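The entries follow the order in which I looked things up.

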Amino acid sequence: MPETANPARPVDLLIVGAGFGGLYMLLKARRQGLAAQVIEAAGSVGGTWYHNRYPGARVDIESMEYSFGFDEALQQDWHWTERYAAQPELLRYANHVADRFGLRDGIRLNTRLAGAHFDASAQRWQAWSETGERWSARFLVLAAGPLSTPNRPDFPGLADFRGRVLHTADWPHEAVDFSGQRVGVIGTGSSAVQAIPLIAEQAAQLTVFQRTATYAVPAHNGPLDPDFEARIKADYAGFRARNRQMMGGFGSLLPPNRISALAVSPEQRDAMFEQRWRIGGFGVLGTFSDLIVNPAANELAGEFVRRKIRATVHDPATAEALCPRHPIGCKRLCVDTGYYATYNRPNVRLVDLAAAPIEGFTPAGLVAGGEEHRFDSLVLATGFDAMTGTVLRLDLRGRGGERIQDHWKAGPLNCLGMAIAGFPNLFNLVGPGSTSAFTNVIVAIEHQVDWIAGCIADLDAQGLATIEATPQAEADYVAHVNTVAARTIYLNCNSWYLGANIAGKPRMFMPLFGFPAYVEKCAEVARQGYTGFVLG
Ligand code: NAP
């Protein structure tokens, strides 16, 4: 810990990050009479929606679901303009929440946490920022987001490229104008799928560099239907409650799906896929009960989407290159507006890196498969060092000075997707082991924040100072997460869920599938006096 002249400010909770997680944690802590401080590296609240400003950035869960449910007046008053809200509206919503609940005076902006050490004698976290502020906190809540450290692959010669380089997750605040430009996009995940159709409309020429083809289902976005809004608002609490019973914490309005894809005729199956395709969004993956657990059923869904791609994309070779071969849903499904049809434009070209890998950059572009591709601007849509990247950049040390980098050497060990053995009184919000990646993340955040607040209240009621997961509980929990994943198709591809998108990252399946069972598990742990934890 660096020596600084600044005295450490004592707080009950130091909360890192002012996205939806940090905002709700601050509100909850204050309502419980706790002194809490949020620190945020960015210049505003909003987290993900502050940084990800690329063209087309919007949520892929319906706006009426992707919003806080903890306050009836908030959810009644707020009006979303589109079925899937775009980034500017989501950022306005985050700011509205901060203002409505008077949170701003508890948030210190432009303040990045540098490190935190657990002081066992004082039973407190001693934390400091890169700018020298210090805090002494009973509890440390990391709410920095599972997708907050952009992945910038180490392409040979990239520094020689003379054009502009942008990253979707770190997009400039001023408008970027691609008019008349030749643009290259590397990546075809969710961010790229949203950005590519809009960049293609503006740029003179767009070259997309694809390493793995992606499955995208239509969003059918549009203005929010006022009748739908009224119907949801007539019983918003009931709608939220029904959504919490769903595997992903959303989607309770979709038609029931209790049958196997293998139990119906090909004609019936296609009609059912088609029905969901017309509805749009993630519901396509829920057409049948077994698409995520049975590879044969999954293959039928994958083939349905491949047929859609072939029917949409005119050039047969491009269509074939766009057809994914891994199980659908194994990598996060993309929700799109006109993605595949964009490849019919005369100014758009797809380069399949599987056939022509990137060899290196030149001042004018990049060389792939022996061919130089020239462009004025390059967009890296290469994703994130997900779930661990942000935490592992901290000088975080637990009991006995153990470094998080050592504790997580073989992968991000955790208990209940929140706690870490040897790191008492630390809660990692929607991190490894949580259901965040498979859940409407706001629902996941609300659940975890409520659980953490309840846990602190229980400790305070009993006059206890610390809570710490045992190594055994941690090992058991990580085994549970992996056992659940092994019953699905999620281990059958290289995804960021597995850490497989980052060179050298340990391969460990990080998110837990199944929100309702997770909620029940957390509740049971608390009911039984925090089994798997040592209270001190
Ligand atoms: P991503 O899904 O990880 O996609 C990154 C893309 O870059 C992939 O196509 C990847 O190829 C490619 N890539 C990475 N490194 C590369 C390299 N060295 N050479 C060539 N290609 C490389 O990242 P993302 O699109 O930013 O999305 C990440 C997550 O953020 C999503 O899964 C989702 O959870 C969330 N998100 C949500 C929305 C939304 O709709 N609300 C929008 C954006 C993001 P490989 O597949 O071969 O690794």
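Entry one, the ligand shell. I am working from a predicted model. I looked up the residues around the ligand and found 25 of them, of which T188, S191, T212, K331 and W496 come nearest. I then sorted this shell by class and got 10 nonpolar, 10 polar and five charged residues.

For S190, a polar backbone atom is 2.9 Å from an oxygen atom of the ligand. For D60, a backbone N or O atom lies 3.2 Å from a nitrogen atom of the ligand. For A381, a backbone N or O atom lies 3.2 Å from an oxygen atom of the ligand. Next I checked how much of the ligand is covered: taken alone it exposes 900 Å², and the protein buries 88% of that.

I turned to the second largest pocket and wrote down a volume of about 870 Å³. I counted 34 residues lining this pocket, and M247, G248, L285, G286 and F513 are the closest to its centre. How does the lining of the second largest pocket divide by class, I asked, and which residues make it up: nonpolar, polar or charged? I recorded 19 nonpolar, 10 polar and five charged residues in that lining.

Methods
Residues are numbered from 1 along each chain as its sequence is written. This is a predicted model: local features need pLDDT of at least 70, side-chain atom pairs count only at pLDDT 80 or more; totals for chains, interfaces and linings use all residues. Side-chain values use heavy atoms; hydrogens and water are left out. A residue is near a molecule or strand if one of its heavy atoms lies within 4 Å of it. A polar contact is a pair of N or O atoms within 3.5 Å; within protein, one must be able to donate a hydrogen and the other to accept it, and residues adjacent in sequence count only if both atoms are side-chain atoms. Accessible areas come from the Shrake-Rupley method with a 1.4 Å probe; for residues, only the protein chains shown count as cover. Ala, Val, Leu, Ile, Met, Phe, Trp, Tyr, Cys and Pro count as nonpolar, Asp, Glu, Lys and Arg as charged, and the others, Gly among them, as polar. On a 1 Å grid over the protein atoms alone, a cavity is a set of points where a 1.4 Å probe fits but cannot get out, and a pocket is an open set with protein on both sides within 12 Å along at least five of seven lines; lining residues have an atom within 4 Å of a point. Grid points are joined across faces, edges and corners, and a volume is the space filled by probe spheres set on the points.
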